[in-house]
Amino acid sequence: FFHLEGELEQFDELLFFNQTVFGPLYPLGELFDEMAGRDLDFWGLSRHKGLQRDLTGTVWEKVEYGYIPPHVQSYFFAVRGELLHSGALGEYWRALPVIHDYIEAVSFHEMRFTKFFADQGYRWQVYLDCGDWERFLDYPLMGAPARLLKSARLPLVKRKSFITPRSSY
């Protein structure tokens with residue numbers, strides 16, 4: 001982001017992703033074509049439904065809200081429109097503390113980003129609607145990856161799906 005910050009006006013959309021996924025298993029054009037038709041400031045591939053409980057004494061107690069808000073999962077998300085060009089995104093990145101590990105990355109960024117910008121009026125959605133699944137699974141992306149691949153044409157699979165016991169999710 002900081003490498004491109006001075007040139008953001010020439011871009012329509014900035015994609016953030018990391019190495020925690022395998023794929024694509026379906027053409028990414030399907031994903032981008034679908035999301036191009038939505039009037040959003042940021043979007044992602046999937047969301048975490050959140051958790052409305054006290055996090056004190058858990059590994060997630062560093063989350064500033066004291067609970068896990070619904071949020072775009074940060075392994076794959078895009079920023080565009082007003083958010084990309086307003087300067088607010090740069091302020092957000094500069095205000096982040098130094099991140100030392102996975103728990104801090106999720107606590108200080110992933111669980112914060114969506115609520116932080118939504119509270120300022122920025123619009124967001126995700127490509128993969130798992131609302132019906134969330135009654136049964138806290139984390140459909142990990143709890144039912146094969147089903148999501150088949151039924152929703154999920155283009156990317158989390159690497160954790162291959163190394164984490166399914167009962168964990």
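1. At 58% relative accessibility, Phe162 counts as exposed, where exposed means over 50% relative accessible area, buried means under 20% and partly exposed is in between (1.4 Å probe, protein chains only). Phe162 is found in helix H7, residues 160–163, and together with Phe22 and Ile163 it makes a nonpolar surface patch of about 380 Å². Such a patch is made of residues with over 30% relative accessible area and no salt bridge, with nonpolar side chains (Val, Leu, Ile, Met, Phe, Trp, Tyr) joined within 5 Å and, for charged patches, like charges joined within 9 Å; the areas come from the Shrake-Rupley method with a 1.4 Å probe, and for residues only the protein chains shown count as cover.

2. This is a predicted model, in which local features need pLDDT of at least 70 and side-chain atom pairs count only at pLDDT 80 or more, whereas totals for chains, interfaces and linings use all residues. Residues are numbered from 1 along each chain as its sequence is written, and side-chain values use heavy atoms, with hydrogens and water left out.

3. The largest nonpolar core has 20 residues, and those with the most contacts inside it are Leu31, Trp43, Leu45, Phe76, Leu141 and Leu154; a nonpolar core is a set of buried Ala, Val, Leu, Ile, Met, Phe, Trp, Tyr and Cys residues joined through side-chain atoms within 4.5 Å. At least two residues of this core come from each of helix H1 (28–36), strand S6 (76–80), helix H5 (140–143) and helix H6 (145–152), where helices (H or I, at least four residues) and strands (E, at least two) are DSSP runs numbered from the N terminus. A second, separate core of 18 residues includes Phe42, Phe77, Leu89 and Phe113. In soluble globular proteins, nonpolar side chains tend to be buried together.

4. Leaving aside neighbours within four places in sequence, Phe76 is in contact (heavy atoms within 4.5 Å) with Leu15, Phe16, Phe17, Leu31, Phe32, Trp43, Gly44, Leu45 and Leu156.

5. Pro145, Leu148 and Leu149 are buried in H6, and, seen down the axis of H6, its buried residues fall within an arc of 105°, so they line one face of the helix; the arc is that of the directions from the helix axis to the C-beta atoms. These buried residues pack against H5, strand S8 (157–158) and H7, while on the other side of H6 the residues Arg147, Lys150 and Ser151 are exposed.

6. Two backbone features may be worth checking by eye. Arg153, which follows H6 and lies in the loop between H6 and S8, has a phi near 55°, a positive value in a residue other than glycine; at 34% relative accessibility, Arg153 counts as partly exposed. A cis peptide bond joins Gly23 and Pro24, with omega about 5°, and Pro24 is in the loop between strand S2 (21–22) and H1. Most residues other than glycine have a negative phi, and most peptide bonds are trans.

7. A search of the whole structure finds nine salt bridges, a salt bridge being a side-chain nitrogen of Lys or Arg within 4 Å of a carboxyl oxygen of Asp or Glu. One of them joins Arg123 and Asp41, with the closest N and O atoms 3.6 Å apart. Arg123 lies in the loop between H4 and strand S7 (124–126) and Asp41 in the loop between H1 and strand S3 (42–44), so the pair ties together parts that are 82 residues apart in sequence. Arg123 is partly exposed, with a relative accessible area of 38%, whereas Asp41 is buried at 4%, and a network of salt bridges links Asp39, Asp41 and Arg123.

8. Another salt bridge joins the side chains of Glu104 and Lys62 (3.0 Å, N to O), linking distant parts of the chain, with Glu104 in helix H4 and Lys62 in the loop between strand S4 (47–48) and strand S5 (71–72), 42 residues apart. Glu104 is buried, with a relative accessible area of 10%, and Lys62 is partly exposed at 41%.

9. Not counting residues up to four places away in sequence, Ile103 touches Val59 and Trp60.
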